[in-house]
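Subject: Structure handover

Hello,

The structure is pasted below. My notes on a strand and a ligand follow it.

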Amino acid sequence: MDNASASINSAFTNNDDFISSDDIRHEFALAMSAMYQQEVPLYGDLLDLVDEVNTEVLAKQPDIKEQLEYTGELARLSMERHGAIRLGTADELSTMRRLFAVMGMYPVGYYDLAPAGVPVHSTAFRAIDAEALSNSPFRVFTSLLRLDLITDEVLKQQAKAALSKRKIFTDQAIALIDKFESQGGLNLADTKQFIIEALETFRWHEQAPISKGLYQQLADQHALIADVVGFKGPHINHLTPRTLDIDAVQQGMQARGIPPKAIIEGPPKRDCPILLRQTSFKALEEAVSFKNEQGSYEQGQHTARFGEIEQRGVALTSKGRALYDKLLNKARHQLGATPNQNNASDYYEILAKSFAAFPDDYQTMHDEGLAYFYYQAVEQSINVDAKTRLAKAEITQLINQGAIRIEPIVYEDFLPVSAAGIFQSNLKNAEQNDEPGYKGNSNKQEFEQALGAQVYDELALYEAMQAQSLKQCLTAIERCA
Ligand code: OOG
Ligand code: NI
């Protein structure tokens with residue numbers, strides 16, 4: 001916290017000005033990371049490993065470094081992080097939306113995890129335009145528990161009663177959210193206080209407000225239900241730095257005594273990375289004390305908190321995404337089981353074969369409309385007729401002539417099959433089990449009602465980023481032509 005306040009202090013001199021939401025988000029992410037490293041020291045070890053691997057990649061692969069420079073990502077590489085929380089009620093979710101809005105984070109995308117056997121539906125709160133993303137890419141995968149999927153009616157009522165008693169936001173946090181909304185911003189003093197107050201919601205609590213018996217009953221339904229209902233608040237359950245070589249980190253974890261999950265989720269290793277690859281270290285078994293009816297505490301254990309790594313690639317269009325889903329499903333179907341430590345090498349082999357059908361160079365991905373790109377005018381080679389600008393074939397021609405350079409737009413979102421794999425590997429006894437999917441329909445409308453807003457369509461956001469860069473690029477060309 002001290003560091004965070006210090007850097008806000010030095011950056012802003014006028015105490016009455018509003019602090020930008022990007023700065024609030026950035027400082028909050030730093031504060032959250034410091035708190036989590038203290039709470040889960042193994043996460044600090046993971047950060048060291050990721051840093052080492054990234055440094056090595058940049059030293060050995062100048063082309064990667066150059067690309068990160070072109071897209072402005074080099075500077076944000078080490079601050080690239082996401083986290084995740086799980087909420088219990090509609091009220092919690094809608095207040096969380098207001099809290100994240102203070103930091104310029106808006107709900108993007110809808111993820112239904114129920115078909116994969118995880119009783120939640122989710123969104124990701126994140127910055128939505130290119131500049132804000134590059135100022136601070138921090139985002140939070142936020143899930144809402146689907147209590148309606150608990151089949152035991154008595155237990156469902158007990159869970160609801162426990163959730164209705166908890167208050168996950170401090171009074172000051174709520175007051176500052178109100179102030180932000182009515183004033184349109186927060187000044188320096190309020191921002192500092194806001195970060196302190198907001199952080200409280202994400203803190204770990206060793207004392208559980210429910211009895212060990214109820215916890216066990218909830219856990220018997222699903223470990224995730226116990227993780228939400230059994231605690232005072234939505235403790236941050238992982239943070240995730242970005243790596244340039246996830247395979248190296250996966251191997252490095254083993255060597256450093258950080259127990260990795262069995263498989264890397266997402267697409268296989270490629271020359272031109274697409275979407276998102278993720279892996280994590282297994283959640284820690286932690287001591288908690290449960291409050292019994294007499295008000296005294298009883299020792300127990302809980303498993304929820306872990307560390308994750310992500311490697312992001314280019315965002316795919318709906319056509320590219322359909323191809324990704326098809327190839328992933330094909331590989332999983334062929335494997336015939338959920339990927340786990342016993343079939344990991346078979347799985348990677350099948351996956352790589354299946355993805356041979358996905359073009360692995362940016363130019364082809366661009367020309368086939370599989371992925372989103374930034375267009376950048378190449379200064380030295382301006383000698384084109386600007387009138388040709390709307391035809392796609394002509395843009396391709398300009399790219400071929402070297403007048404326009406394309407750079408991948410990074411995928412900023414999540415993948416439901418991968419997310420389910422991350423959830424499952426970090427719940428007790430999981431990853432060996434094939435969780436049966438819940439049959440309840442996905443319900444985006446219900447989620448949005450609880451949220452109190454509609455979620456942004458992620459594809460529309462990428463589309464807009466691409467269109468905007470094309471416009472700027474063509475204007476630049478026109479100016480010089
Ligand atoms: C969220 C798991 C999903 C990801 O990176 O896909 C996730 C959770 O465990 O609460 O964070
Ligand atoms: Ni994650």
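A polar contact here is a pair of N or O atoms within 3.5 Å; within protein, one atom must be able to donate a hydrogen and the other to accept it, and residues adjacent in sequence count only if both atoms are side-chain atoms. This is a predicted model, in which local features need pLDDT of at least 70, side-chain atom pairs count only at pLDDT 80 or more, and totals for chains, interfaces and linings use all residues. Residues are numbered from 1 along each chain, chains are lettered from A and ligands numbered from 1 as written, and side-chain values use heavy atoms, without hydrogens or water.

Ligand 1 first. Asparagine 237 has a polar side-chain atom 3.0 Å from an oxygen atom of ligand 1. For arginine 86 the distance from such an atom to a ligand oxygen is 2.7 Å, and for glutamine 278 it is 2.5 Å. Alone, ligand 1 exposes 320 Å², and the protein buries 100% of that (Shrake-Rupley method, 1.4 Å probe). Residues around ligand 1 (a heavy atom within 4 Å) include Phe141, His238 and Glu308.

Now strand S3, residues 120–126 (strands are DSSP runs of E, at least two residues, numbered from the N terminus). Of its 7 residues, 7 are buried, meaning under 20% relative accessible area with a 1.4 Å probe, protein chains only. In a regular strand, side chains alternate between the two faces of the sheet. In S3 both faces are covered, with Val120 among the buried residues on one side and His121 among those on the other.

S3 runs antiparallel to S2, joined by 5 bridges, and antiparallel to S4, joined by 6 (pairing takes at least two DSSP bridges). Tyrosine 111 stands opposite serine 122, and valine 120 opposite leucine 145.

Regards

Technical notes:
Buried means under 20% relative accessible area, exposed over 50%, partly exposed in between (1.4 Å probe, protein chains only). Helices (H or I, at least four residues) and strands (E, at least two) are DSSP runs, numbered from the N terminus.
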